[in-house]
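Morning, everyone. Have a look at this model with me, and I'll keep it short.

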Amino acid sequence: MARVLVGVKRVIDYAVKVRVKPDKTGVVTQGVKHSMNPFDEIAVEEAVKLKEKKLAEEVIAVSVGPAQSQEVIRTALAMGADRGVHVEIPAAEYELLQPIHVSKILAKLALDEKADLVILGKQAIDDDANQTAQMTAAVLDWPQGTFCNKIEKTDAGLTITREIDGGLETIKTKTPAVLSADLRLNTPRYATLPNIMKAKKKPLKKVTAKDLGVDTSPRIEVISVEDPPVRQAGATVADVDALVAKLKEGGHI
Amino acid sequence: MGRIALLNRLMSQKTTTRNLFQFGKVKGDTGKYEQIVSTGQVSPERFVPEEIEKPAYYFKNMPPGNTLGSPEIKTQDQIDAMRLSGRLAARILRECGKLATVGITTDQIDAFAHERILESKAYPSPLRYAGFPKSICTSINNIACHGIPDDRQLADGDIINIDVTVFLNGYHGDCSKTFRVGDVDERGGFLVEATKSCLDQCISLCGPGVEFNEIGKFIDRYCDEHDLASIAAFIGHGIGSYFHGPPEILHYYNEIPGKMQPGMTFTIEPILSLGGAEIAVLQDGWTAISLDGARSAQFEHTILITETGTEILTRDQ
């Protein structure tokens, strides 16, 4: 398995309290702390671990987004990726970019870079789509291993343990394949100062979606973005009879 | 998850001291202290006489040393030389500590250290190392490490880490301590004591055949117990005729393989914080500041692994 392509997305940091813009067109991102999507950190860690086990030779980190996406590529390089690819999308178009666009971009890159494995985070914490890995596999017509809890290399290909409702499922697949990382796959490493300094020298290539022959024109229109309705306060009742009465009163029973 | 976030600032180095105002309120550190929000004036480079033996980087700007690879096993002669460097570094550090009182500037401490090191026929290792402009590092309150001495006066209640490294007879010795200035509050005092104890305990678990990662595993447990965070970006390092070399000493939980062997010399230098573990590097390219404004403390020793245990080369003697 020579080359591993890892997708990394720049998202609002998980610890930030997200606020909806007053004009309801989206959420506030200006001046807000952004980081690498946590599941993508796990994906990068897995790819770097494969390299350390000598099961992969090169790890390429790719991010699709505006100029600031380069920040998360640099973080991936500091964690051990060998080189980066930034597919630059203008900010306005990025607002409406969907997994269908990203999956076509990643698929093209996987073929261009002759990747043997594509590892993505299972979902991004901003859209919670959980679609890109699956769609990328479909575009490539490659097998997919999603919600990975464990990845093992065998002579025949890969043995993957997946998290599913009710437990774990083990599947075998050939390579090349597309995998998505779930929470318990590994614990991502910190980037130490020496690695951060080294990362500055690693190559970072910039391309456009057009270079890759992918059309990123919007397929959706955002009508409005709103806060969820404010939760009504609950009421306490004295006893079960009162509860039943209240439920009947409300037409619930 | 999310621990690695915000290294983008390290990457882009676009952070100016003015941006610090957006970092705003202190979350983790509820103590009373002056939060550093800007760097001061750095004085011109100090002169080093011809007859002082200087490291190669004095003459040619070089990147920081490579800390990957096999750690050096030192010969008896090298160990003897390291003992002398370590002892000198410890002595200079002790003298600097006495100077750390209200009103003195970090530049004045730097001037003193510079002169004392030259008097001892040694060279102050930080000077011109990867472009560092001064002879010691001085890091106050919410500055994690690599602070550049400047014209700021020490204030009552400050905690200041002074990091001294000397180059004597071709070998470096590296140590640091966090000192209290005037009346330090309870949280600050706790932080300083806890960090010192952390280093002491890390050293006591070292010895021939011990895995390097035991240090990181210990610090991880220690931080959990004391509700502190270890600033992961900064590592301990091998040291000898070079300032920084293998092995890498990670101050966080890790499973990186590698064992200590007699003859190895390296530093352990945990930076523990009352708040989070994330830092950013300022525009001067060196000063590491905590993102949440919380204070951190650091203690460092250069140690030698012996046949039976360890020898602290930079101990107070």
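I'll go through the cysteines, then the strands.

Ground rules. This is a predicted model, where local features need pLDDT of at least 70, side-chain atom pairs count only at pLDDT 80 or more, and totals for chains, interfaces and linings use all residues. Side-chain values use heavy atoms, without hydrogens and water, residues are numbered from 1 along each chain as its sequence is written, and chains are lettered from A and ligands numbered from 1 in the order in which they are written.

Take Cys202(B). Its closest cysteine sulfur is in Cys198(B), 4.3 Å away, and that is too far for a bond. Cys202(B) is buried, at 0% relative accessibility. Buried means under 20% relative accessible area, with a 1.4 Å probe and protein chains only. Cys148(A) is buried too, at 1%.

Now strands, which are DSSP runs of E, at least two residues, numbered from the N terminus. Strand E2 of chain B covers residues 137-140. Cys137(B) and Ser139(B) point one way, Thr138(B) and Ile140(B) the other, and all are buried. E2(B) runs antiparallel to E4(B), residues 159-168, with four bridges between them. Pairing takes at least two DSSP bridges. Thr138(B) has Ile162(B) as its bridge partner.

Last, the open sheet in chain B. Its three strands are ordered E3-E12-E11, with antiparallel pairing. E3, 143-145, and E11, 279-281, are the edge strands, each pairing on one side only. Three bridges join E11(B) to E12(B), residues 288-290.

Methods. Buried means under 20% relative accessible area, exposed over 50%, partly exposed in between (1.4 Å probe, protein chains only). A disulfide is a pair of cysteine sulfur atoms within 2.5 Å.
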